[in-house]
Amino acid sequence: MDSVAEWDREFSPSMRFNSGVEYDIEHFIYTVFNSFDENHEPRFAIFCKLWKECKLGLIFCGRESFRELYELTMDIMQRTKRYTAALLQKKENNILIRYAAVYLLYAFYFKQPTRPRVRIKLSYEEFTDLRQLMEEAKKDKHYDVLYAWSKLIYASAFHYSVVSDYLGLDVAKSMERRDRVDADQAAAPMSYFESKDFHNMIRRLGRAHDNYVRIKEAILKEPASGYTLDSMDVSLMDRIAETTTQVTRTNVKDDVGDVKPKADSEIGDKRKRLKERFFNMAFEETKTEFELIEEGGESSESSPEKLSKGKRRTKTKLVKKKSKKILLESDS
């Protein structure tokens, strides 16, 4: 039952076509970043290895129509392009993350199944920012990054524009729909121990701890050294991981226990019932006797021409009075 409830909470038929794309892109870029950081160089071979392991190319599969596939590809390009900027979420972006995003743009553009290919929308500010990034790559002799950039330029992969995002009536409607869905679905609070900052800090700490343990073992092999380095626990990282896991599980349990089913708004339900009642009443009251005769009903007059204008005016006034009364009740 728990698995079924968790599935119903995370997945629903009303999900948008790009649900989960942001998580997949962010997770992959930071995985590539960690590998670049460990190897101290942004090699394209490392990116290709992780691309095959993560099977990120399957992100285009399972689409119902060409239009959905095309819009998904546009969304993927826009989301990936953000990680190439010098500022990410108003903070200075790491240069290795930017290199990983350039590789990902290169892979997505040439691996997309749409024809004609979806081009990457690029403003003048973004192009200048990327050009400065390529100058840094040239200075550091990262020719893999320069090759990916040159290939994109040569293939006319960029759509140069005044603005960086897609604008228009269709885009505005989709943005309103997305904001409405995001407002209805409250985001679950995330613990700091699950954040990227904490994971990166633990990774750096684990690397320093491993180096310390190796130095300690090498020194202790020399009996004449006279050094004692037993002040550090060898299983420190395991203990930290166990402690943070317990804290995270406790927080999640408390959050789940505090969550209550969202009650429907009484005011909203009342207004909805009054509006439905108003429209139903207006539709029934405005039926003329001519319509009733056509539907097979009985009438005191034999033809619609004999229906007096006074009766029609009386019916219209009654409808207006009832409608005004209902609208006043809904406003109160």
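## Burial and exposure

A residue is called buried when its relative accessible area is under 20%, exposed when that area is over 50%, and partly exposed in between. In this predicted model, Phe 127 has a relative accessibility of 22%, so Phe 127 counts as partly exposed.

Helix α3 spans residues 44-54, and its buried residues are Ile 46, Phe 47, Leu 50 and Trp 51. These four lie on the same side of α3, because they cover an arc of only 135° around the axis. An α-helix has 3.6 residues a turn, so residues three or four places apart point the same way.

The buried residues of α3 pack against α2 (21-39) and α5 (95-111), whereas the face turned away from the buried side carries the exposed residues Ala 45, Lys 49, Lys 52 and Glu 53. After α3 comes Lys 55, which has a positive phi, near 55°.

## Aromatic pairs

Across the whole structure, a search finds 18 aromatic pairs. In one of them, the ring centres of Phe 44 and Tyr 106 are 5.8 Å apart and the planes stand at 80°, so the pair is edge-to-face. Because Phe 44 lies in helix α3 and Tyr 106 in helix α5, this pair ties together parts that are 62 residues apart in sequence. Phe 44 is partly exposed at 25% relative accessibility, while Tyr 106 is buried at 16%.

Phe 127 and Tyr 160 also form an edge-to-face pair, with 5.8 Å from centre to centre and 85° between the planes. This pair links helix α6 (residues 124-139), which holds Phe 127, with strand β4 (residues 158-161), which holds Tyr 160, across 33 residues.

How values were computed: Residues are numbered from 1 along each chain as its sequence is written. This is a predicted model: local features need pLDDT of at least 70, side-chain atom pairs count only at pLDDT 80 or more; totals for chains, interfaces and linings use all residues. Side-chain values use heavy atoms; hydrogens and water are left out. Buried means under 20% relative accessible area, exposed over 50%, partly exposed in between (1.4 Å probe, protein chains only). Helices (H or I, at least four residues) and strands (E, at least two) are DSSP runs, numbered from the N terminus. The arc is that of the directions from the helix axis to the C-beta atoms. Contact means heavy atoms within 4.5 Å. Rings of Phe, Tyr and Trp (its six-membered ring) pair if their centres lie within 6.5 Å; planes under 30 degrees apart count as stacked, over 60 as edge-to-face and the rest as tilted.
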